[in-house]
Amino acid sequence: MDCDVLVIGAGLAGLVAAAEAVERGLRVTVLDQEGAQNLGGQAFWSLGGLFFIDSPEQRRMRIRDSRDLARQDWLGSAQFDRPEDHWPRLWAEAYLDFAAGEKRAWLHAQGMRWFPVVGWAERGGSLASGHGNSVPRFHVTWGTGPGVLAPFVRRVREAEAKGRLSFRFRHQVDRLIVTNGAVAGAEGTVLKEDRAGRGKTSSREAAGTFSISADAVVVASGGIGGNHELVRRNWPVDRLGPPPASMVSGVPHHVDGRMLEIAQAAGGSVINGDRMWHYTEGLRNWDPIWPNHGIRILPGPSSLWFDADGNRFAAPAMPGYDTLGTLKAIRATGHDYSWFILTKSIIKKEFALSGSEQNPDLTGKDIRLLLKRLGPNPPGPVQAFMDRGEDFIVRDTLEDLVKGMNGLTGSARLDPAHIRAQIEARDREVANAFSKDAQVTAIRGARGYLGDRLMRTARPHRILDPKAGPLIAVRLHMLTRKTLGGLQTDLSSRVLELSGEPVPGLYAAGEVAGFGGGGVHGYNALEGTFLGGCIFSGRVAGRSVCA
C-alpha cells in the first residue's frame with residue numbers, strides 16, 4: 001500500500017480527518033484537484049460561524065440554552081420523515097452531544113477563539129416546535145474561516161514535516177479502486193500545474209495519470225453548489241417550486257459534486273439529494289473571485305422585503321428568519337429575484353456580508369477596525385457594495401428609488417404608489433408600543449437581546465423618515481451554497497450500500513456526506529452547523545478509519 005489512509009479533498013473535513021488519522025499513527029495521503037493555494041477549500045471563505053450549546057459566550061450574553069432546547073430546535077427544523085433518515089437522525093443526536101459537550105473545549109485547546117457577541121441566525125418565526133433557533137447560537141470565530149482552519153492546517157503541516165503525511169495537489173480522482181469488493185485506493189488525472197489565485201478558475205488540462213493504493217479511503221470532497229446543472233437536477237420542485245433560471249454562486253467553481261457519482265460507482269449510496277440550502281439574499285460581487293461570484297447579505301430584521309412585483313412578503317418570510325420558507329415564497333411569484341427596501345440607519349447597523357474577505361476586521365483580528373462597526377457609517381465592505389455593486393440603488397425619495405429599481409430590471413413592473421401605501425402602513429405601526437405587524441413585533445423582540453440591540457438591530461423608526469435616509473433598495477438573487485444530502489454513513493463514517501451494509505474501505509465526511517449520515521440537517525439548517533458538521537464528521541472519520 002502507498003499509504004494507510006487516502007483522503008480525497010483538502011477542505012476542512014478532509015484536514016480534520018487527516019489530522020486525527022495521523023495522530024493514531026497512520027500514514028496519510030491527501031489528494032485535491034486544486035493547487036496548494038486552495039488548501040482549506042470552501043471553509044476559507046466562510047464567516048467562521050460555529051454552533052455551540054450553553055457556551056460561556058452565551059451565558060455572558062444572558063442567553064439560557066440547553067441541549068433539550070437545541071434538540072427541540074434541531075428536530076423541528078430537520079423534520080425527519082423518511083426511512084433513510086435513520087442514520088441522519090442518529091448523527092443529529094451525536095452532533096448535539098458534541099456541541100453541548102466537548103466541542104468548544106476541544107477547539108479552544110487547539111487555539112480557536114470566538115467573538116464575544118453571539119449571533120442570532122435563522123430564527124424561524126413560526127411555532128416553538130418548528131424551524132429555527134430559539135436563542136442565539138452563532139459563534140463567529142476570531143479570524144473567521146481561516147481561523148477555523150488554522151489548528152488543522154498546523155497539525156497536518158507538522159505531520160507532513162515529519163514524513164507521516166503527504167499532499168498530492170492537482171490530482172483529480174476519476175474512479176475508486178475496488179479490489180475483492182473493498183475500496184483500496186483511487187486513480188485519476190494529474191492536472192497541469194496552475195497558479196491561479198485561491199478560488200479562481202483553474203485549468204483542467206491533463207498532465208498525466210496516477211494510481212494510489214490505500215487500506216482505506218475517506219471521501220471529503222464537498223458539495224455541489226458550484227455546479228448549477230447538478231443543483232437544478234436535484235432541485236425539490238414539489239417543495240420549493242421550479243428551480244431558478246438565474247442564480248449566483250456562493251462557492252468556487254471546483255465545488256462540483258463529481259465525487260458523489262464516483263463513490264456511487266464503488267457501491268456507496270447517496271440519499272436526500274433533493275435537500276439543499278440556498279440563500280435568498282445574494283448579491284452579484286462587484287469584485288468577483290470565481291465565476292458568477294455571489295455574496296450573501298447577513299441581514300438584521302428591519303429591512304422590508306418585497307417580491308419582484310412590489311408586494312411585501314408576509315411572516316415568516318422576514319430577513320434572518322426562515323431561509324427556505326422565503327425561497328419558496330419567492331419562487332411562488334415566478335421570479336428569481338426580490339427586493340429589500342431600507343434606510344441608511346438600518347444598513348449601517350444591520351448589514352453584514354458573509355465571507356472572510358468581506359470582514360477584514362474579524363478575519364484580521366483587528367479590534368480598532370472592528371470598533372468602526374459602531375460608528376455612523378456602514379462598514380467598509382458594505383459601503384463598497386453601495387458605491388459599486390450593481391444591485392444597490394440609493395435615492396432621497398421613494399419615487400426616485402422605485403424609478404431606479406425599475407431601471408435596474410428594465411421594466412415598469414413596480415408601482416411607486418403601491419409600494420408607498422405598504423411602507424406607510426408599516427410606518428404607522430412604529431408610532432406606538434403596540435403593533436399587529438409581525439415584523440415590527442419581531443424587531444422589538446430582537447432588541448430584547450443585548451447583542452442585537454448593541455450591534456445588529458436598528459432602533460425602530462419610520463422607513464420614510466427623512467432623518468433616517470437616504471432610502472436604499474437592494475436587488476436580491478438566489479445564491480447557491482450547501483448540499484444537505486449526500487453519501488449515507490453510519491456513526492463511524494463508513495459509507496453504506498443501499499442495503500445498509502458498509503462498503504469495505506470507504507468512509508466519507510463533510511458536505512459530501514450531508515455533514516454526517518447523508519443529511520444530518522434534514523430539510524433545514526440552523527446555521528453555524530456546516531463548519532461544525534465538517535469538523536465533527538471529519539473527526540469521527542479520522543478516529544474510525546482503519547480501526
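Buried means under 20% relative accessible area. The legends below describe close-up views of a predicted model.

**View 1**

**View 2. Strand 20 beside strand 8.** Strand 8 (residues 206-219) and strand 20 run parallel and are joined by 3 bridges. V218 has Y507 of strand 20 as its bridge partner.

View 3. Strand 19 (residues 494-496) pairs with strand 20 in the antiparallel sense, over 2 bridges. Opposite R494 stands Y507 of strand 20; Y507 is also the bridge partner of V218. The hairpin has 5 residues between the strands, and G500 takes a positive phi near 100°.

**View 4. S269 in its loop.** S269 lies in the loop between helix 9 (258-265) and strand 10 (270-271). Its relative accessible area is 1%, so S269 is buried. The side chain of S269 reaches the backbone oxygen of L496 at 2.8 Å. Leaving aside neighbours within four places in sequence, S269 is in contact with G486, L487, Q488, V495, L496, E497 and L498.

**View 5. A nonpolar patch on the surface.** I367, L371 and L374 form this patch, and together they have about 320 Å² of accessible area. L371 belongs to helix 13 (residues 367-371). L371 counts as exposed because its relative accessibility is 53%, the cut-off for exposed being over 50%.

Methods. Residues numbered from 1 in each chain as written. Predicted model: local features only at pLDDT ≥ 70, side-chain atom pairs only at ≥ 80, totals over all residues. Heavy atoms only, no water. Pairing = 2+ DSSP bridges. Helix = DSSP H or I, 4+ residues; strand = E, 2+ residues; numbered from the N terminus. Patch = residues over 30% accessible without salt bridge, like charges linked within 9 Å, V, L, I, M, F, W, Y side chains within 5 Å. Areas by Shrake-Rupley, 256 points an atom, 1.4 Å probe, with all protein chains shown as cover. Salt bridge = Lys/Arg side-chain N within 4 Å of Asp/Glu carboxyl O. Buried < 20%, exposed > 50% of the residue type's maximum accessible area, 1.4 Å probe, protein only. Polar contact = N/O pair within 3.5 Å; in protein donor to acceptor, adjacent residues only side chain to side chain. Contact = heavy atoms within 4.5 Å.
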